[in-house]
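This report examines helix packing, nonpolar cores and backbone geometry in one protein model. The sequence and structure are shown first.

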Amino acid sequence: MTSIDKGVDAGRTVRVGDRDIFLTEFGSGPAVVLLHGGGPGASGLSNYSRNIEALARRFRVIVPDMPGYGRSTKRIDQSDPFGDLAASVGGLLDALDLPSAHLVGNSYGGAAALRLAMDRPEKVGRLILMGPGGVGTTRALPTKGLQSLLAYYGGDGPSREKLATFVRDHLVYDASAITEELIDERYRASLDPDVVANPPLRRPSGLRTVWRMDFTRDPRLGKVNHRTLVIWGAEDGVNRPEGGRMLAERMPNCDLFLAAKTGHWVQWERADMFNALATAFLEAKS
């Protein structure tokens, strides 16, 4: 049995406000929370399956299913989704009696982490953001990858073909490592009736929501002083790599790493590189 399997066995649910958040924990040391992306069928353990063991050698790794996903409550405030997700992460830290934690966020999870650093900066240690959402989204049309993601539950509804297209064509640069088992797992998870009835990731409605979901429009972004490492796949087909430069130019303590021949799922596609970078960054004295 691997350490990840043991973590699954030890998973538990924590009450945060009026929602239940499912999480698993691994290792010991400074707390690091891994926040997954918002693609169909996503969950904490599946998104970070190639990273947990490496990080748990040095840190207390906390892996939640965010609201709307996995075994957590399937409800998100669609008028301010990033703010709602951030509040749930902050509430989870409160429930775990953690004054603060390092946050690692991919895509949707990166947006939640960055918003929490704005809303409750005292709860955040260091930030690692991989292709985060909410960066320059009002400054260009959506990418094909983001359109594919947002259309998954629309039209004729979810299908395995839609899921496979999103993962293979948009989530990674090199699809040769994507197995049929991975597609099947994500597809099954995406069919949860509560998710089908109320998809957590959807097109924003209303100008106010659209504006809220672009952090480059928020003056607080320039005041996020946390040490931050942005890792962006140079071939990201969901969130444009130009977003990395936007963050580096606005955030005073932001390092930017552009990963060659890598797509949106950088922590999975370039796991060894990511694990080494993340560990070094989180342990650095300055």
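Is Lys261 buried or exposed? Lys261 is exposed, with a relative accessible area of 60%; here exposed means over 50% relative accessible area, buried under 20% and partly exposed in between, with a 1.4 Å probe and protein chains only.

## Basis of the model

The model is predicted: local features need pLDDT of at least 70 and side-chain atom pairs count only at pLDDT 80 or more, while totals for chains, interfaces and linings use all residues. Residues are numbered from 1 along each chain as its sequence is written, and side-chain values use heavy atoms, with hydrogens and water left out.

## Positive phi values

Lys261 is found in the loop between strand E8 (254-259) and helix H12 (266-269); helices (H or I, at least four residues) and strands (E, at least two) are DSSP runs, numbered from the N terminus. Although Lys261 is not a glycine, its phi is positive, at about 50°. Most residues other than glycine have a negative phi.

Ser107 is another non-glycine residue with a positive phi, near 60°. Ser107 lies in the loop between strand E5 (101-106) and H5, and it is buried, with a relative accessible area of 9%.

## Packing of H4 and H5

Two packed helices are described by the angle between their axes and the distance between the axes. Helix H4 (residues 81-95) packs against helix H5 (residues 108-119) at an angle of about 75°, with the axes 8 Å apart. Axes are lines fitted to C-alpha atoms, for helices over the stretch in contact, and angles run from 0 to 180 degrees between N-to-C directions. The angle makes H4 roughly perpendicular to H5 (65 to 115 degrees; under 35 is roughly parallel, over 145 roughly antiparallel and the rest oblique).

In this contact (heavy atoms within 4.5 Å), H4 contributes Pro81, Phe82, Gly83, Leu85, Ala86, Val89 and Gly90, and H5 contributes Tyr108, Ala111, Ala112, Arg115, Leu116 and Asp119. These residues comprise nine nonpolar, two polar and two charged; Ala, Val, Leu, Ile, Met, Phe, Trp, Tyr, Cys and Pro count as nonpolar, Asp, Glu, Lys and Arg as charged, and the others, Gly among them, as polar.

## Packing of H7 and H8

The axes of helix H7 (residues 160-171) and helix H8 (residues 180-190) come within 9 Å and cross at roughly 120°, which means that H7 is oblique to H8. The contact involves Arg160, Leu163, Ala164, Val167, Arg168 and Leu171 of H7, together with Glu180, Leu182, Ile183, Asp184, Arg186 and Tyr187 of H8. Seven of the contact residues are nonpolar, none polar and five charged.

Within H7, the buried residues are Leu163, Ala164, Phe166, Val167, His170 and Leu171, and they pack against helix H6 (144-150) and H8. Arg168, also found in H7, is partly exposed, with a relative accessible area of 24%. Beyond residues up to four places away in sequence, Arg168 touches Ala175, Ile178, Thr179, Glu180 and Ile183. The C-alpha atoms of Arg168 and Ile183 are 9.2 Å apart, across 15 residues in sequence.

## Nonpolar cores

The largest nonpolar core has 61 residues, of which Leu103, Tyr108, Leu114, Leu127, Val167 and Leu247 touch the most other members. Such a core is a set of buried Ala, Val, Leu, Ile, Met, Phe, Trp, Tyr and Cys residues joined through side-chain atoms within 4.5 Å. H5 supplies the largest share of this core, eight residues. Apart from this core lies another, of 23 residues, including Ala56, Leu229, Ile231 and Phe281.
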